[in-house]
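This report covers a helix pair and a chain contact. Here are the sequence and the model.

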Amino acid sequence: MFLGFTDEQIRRYSRQIVLPNVGGKGQRKLLEAKVLLVGAGGLGSPVATYLAAAGVGRLGICDSDSVDLSNLHRQILHHTHNIGTPKVVSAAEAIADINPDVEVVQYPLRLTSENIMDIIIDYDIVVEGSDNFPTKYLVNDACFLAGKPNVHAGIFRFEGQVTVFKPDKGCLRCIWPAPPPPGMVPNCQEAGVLGALAGVIGSIQSVEVIKFILGLGEPLVGKLLLFDALKMEFHRVMFEQRSNCALCGINPTIKELIDYERFCGVSSGNNQISPSY
Amino acid sequence: MRPNEVPQENIENVELMNVDKEINLKGEVCPYTFIKSLLTLEEMEIGQVLRVIVDYLPSVENVPRSLKNERHEILEVLQINDTDWAITIRKLAWD
């Protein structure tokens with residue numbers, strides 16, 4: 001041991017430890033950090049990979065799905081031999097191979113109004129990479145109510161978006177008070193999505209998480225980053241907390257979690273309306 | 001004789017200087033001599049002096065250069081016996 005690090009840790013994290021304003025103190029912050037990933041799919045794959053590699057101490061992973069062959073062109077945490085395996089199990093195996101320093105907490109379930117608060121309370125920050133609107137609004141509302149930052153992202157065809165919602169600095173509802181009507185936006189199954197796009201956007205999410213843990217730089221708070229892979233263009237759109245936001249506005253109407261399937265106009269099991277995966 | 005077989009008692013004749021902490025990095029190579037020096041400085045107060053003992057020749061150049069880049073002051077680089085060097089650094093910068 002050398003100042004609390006094993007020789008293996010010093011070697012593993014050496015390129016990170018020597019970074020300006022990281023050092024051993026930063027590495028310790030990472031090793032002590034607790035990050036919850038909502039979704040272990042296209043976005044969750046690069047997020048989990050980079051956060052595990054960086055030595056984030058605890059990764060909670062929520063996903064109720066099993067690995068399907070059609071996932072593999074973008075969900076790089078999972079491999080052909082994992083088909084049929086619950087994604088949380090496949091993710092935990094992959095992370096253990098990347099970095100045994102990381103503790104993975106598996107949540108093989110769908111987040112709901114009933115279970116989400118008990119789960120997110122144990123984490124410092126939430127990374128939202130789900131594939132459906134009910135979960136996106138649920139995570140948004142729960143993070144606001146629990147005072148947790150939420151690194152939000154979505155991908156669709158060749159385009160992606162990413163931002164960080166920090167309580168009282170604007171939320172998903174400040175930008176989109178409600179989701180599009182069911183059926184208006186085709187899902188990835190119908191519309192398609194570029195696999196490497198998930199890598200770009202998920203990697204940005206992981207950068208934001210690491211910046212948050214280390215207290216480095218300027219977070220992507222109040223700024224929605226839009227990416228167009230075909231034009232290879234990024235645009236940054238500023239947004240503010242909306243005073244009439246139903247969640248974080250002056251006179252909120254949402255003071256506790258609601259029925260998100262109903263809010264999004266979908267019935268349980270028929271919620272594949274999302275632009276993101 | 002291999003560097004890491006040099007007996008501890010050979011570290012001697014180091015010019016007396018007000019050293020707050022000393023670390024023995026004999027047997028360690030670049031860049032870990034630098035990284036361990038940096039980690040040690042991080043735990044020290046500004047103005048305190050660290051002496052690092054190395055026996056890996058490239059570190060004799062690399063450690064002072066890299067620590068200078070980190071805005072620390074190199075007070076002395078001294079060969080203390082056939083195999084070992086003492087690099088004395090004053091912590092000047094926050095992490």
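## Helix packing and chain contact

Ser45(A), Pro46(A), Val47(A), Tyr50(A), Leu51(A) and Ala54(A) of α4(A) meet Ala198(A), Gly199(A), Gly202(A), Ser203(A), Gln205(A), Ser206(A), Val209(A) and Ile210(A) of α10(A). Contact means that C-beta atoms, placed from the backbone, lie within 7 Å. Helices are DSSP runs (H or I, at least four residues), numbered from the N terminus.

The model is predicted: local features need pLDDT of at least 70, side-chain atom pairs count only at pLDDT 80 or more, and totals for chains, interfaces and linings use all residues. Residues are numbered from 1 along each chain as its sequence is written, while chains are lettered from A and ligands numbered from 1 in the order in which they are written.

The axes of α4(A), residues 44-54, and α10(A) come within 7 Å and cross at roughly 40°.

α10(A) spans residues 195-214, 20 residues in total. Its first and last C-alpha lie 29 Å apart, close to the 28 Å expected at 1.5 Å a residue (1.5 Å times one less than the number of residues). Gly215(A) follows α10(A), with a positive phi near 65°.

Eleven residues of chain A contact ten residues of chain B. On chain A, these elements each give two or more residues:

| Element | Residues |
|---|---|
| α1(A) | 7-12 |
| α2(A) | 14-17 |
| α3(A) | 23-32 |

The largest share of that side, three residues, comes from α3(A).

Terms used
Two residues are in contact if their C-beta atoms, placed from the backbone, lie within 7 Å. Axes are lines fitted to C-alpha atoms, for helices over the stretch in contact, and angles run from 0 to 180 degrees between N-to-C directions.
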